[in-house]
Amino acid sequence: MIKHQLEAVGFCPPFCQSLIGTKYGKSMAQVITRWLVERGIIVLAKSTKPERMAENLNVFDFALSNEDKAEIAKLDGTFATIVNHDTVDNLKRISAWKMGV
């Protein structure tokens with residue numbers, strides 16, 4: 001059986017933009033994308049808008065400082081962000097989540 005993992009990232013508090021984003025002249029999405037890239041996580045960004053597509057790729061001209069990465073890592077709460085889809089029980093649990101969308 002092939003095992004898949006998913007890292008769900010959909011929220012960055014305002015400090016990512018106001019402090020970290022401003023420091024590098026980048027959007028929240030770019031800061032978080034860069035953070036994931038630096039952690040060796042493959043990012044699958046989706047957009048149909050050319051300007052967003054360009055923004056999604058414009059994350060290789062800066063590197064986050066260790067301090068910035070530590071601040072972002074502090075956001076990791078008690079909710080697990082790595083989800084294994086390898087069992088029926090896990091899929092049932094995932095389908096029951098309320099995403100607040």
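This tour moves from the whole chain to its nonpolar core and then to one lysine.

The model is a predicted one, in which local features need pLDDT of at least 70 and side-chain atom pairs count only at pLDDT 80 or more, while totals for chains, interfaces and linings use all residues. Residues are numbered from 1 along each chain as its sequence is written, and side-chain values use heavy atoms, with hydrogens and water left out.

Begin with the chain in cartoon view, where the secondary structure comes to 5 helices and 2 strands, taken as DSSP runs (helices H or I, at least four residues; strands E, at least two) and numbered from the N terminus. Followed along the sequence, these elements give the pattern β-α-α-α-α-β-α. Of the 101 residues in the chain, 26% are buried, that is, under 20% relative accessible area with a 1.4 Å probe, counting protein chains only.

Next, select Ile20, Tyr24, Val31, Ile32, Trp35, Leu36, Val59, Phe62, Leu64 and Ile72, the 10 residues of the largest nonpolar core, a term for buried Ala, Val, Leu, Ile, Met, Phe, Trp, Tyr and Cys residues joined through side-chain atoms within 4.5 Å. Colouring α1 (14-24) and α2 (28-38) shows two helices that each supply at least two residues of this core, and α2 gives the largest share, 4 residues.

Then move to lysine 26, in the loop between α1 and α2, which is buried at a relative accessible area of 8%. Its side chain makes a polar contact with the side chain of aspartate 61 at 2.9 Å (N or O atoms within 3.5 Å, one able to donate a hydrogen and the other to accept it; residues adjacent in sequence count only if both atoms are side-chain atoms). The side chain of lysine 26 also reaches the backbone oxygen of asparagine 58, at 3.3 Å.

Definitions and conventions. Buried < 20%, exposed > 50% of the residue type's maximum accessible area, 1.4 Å probe, protein only.
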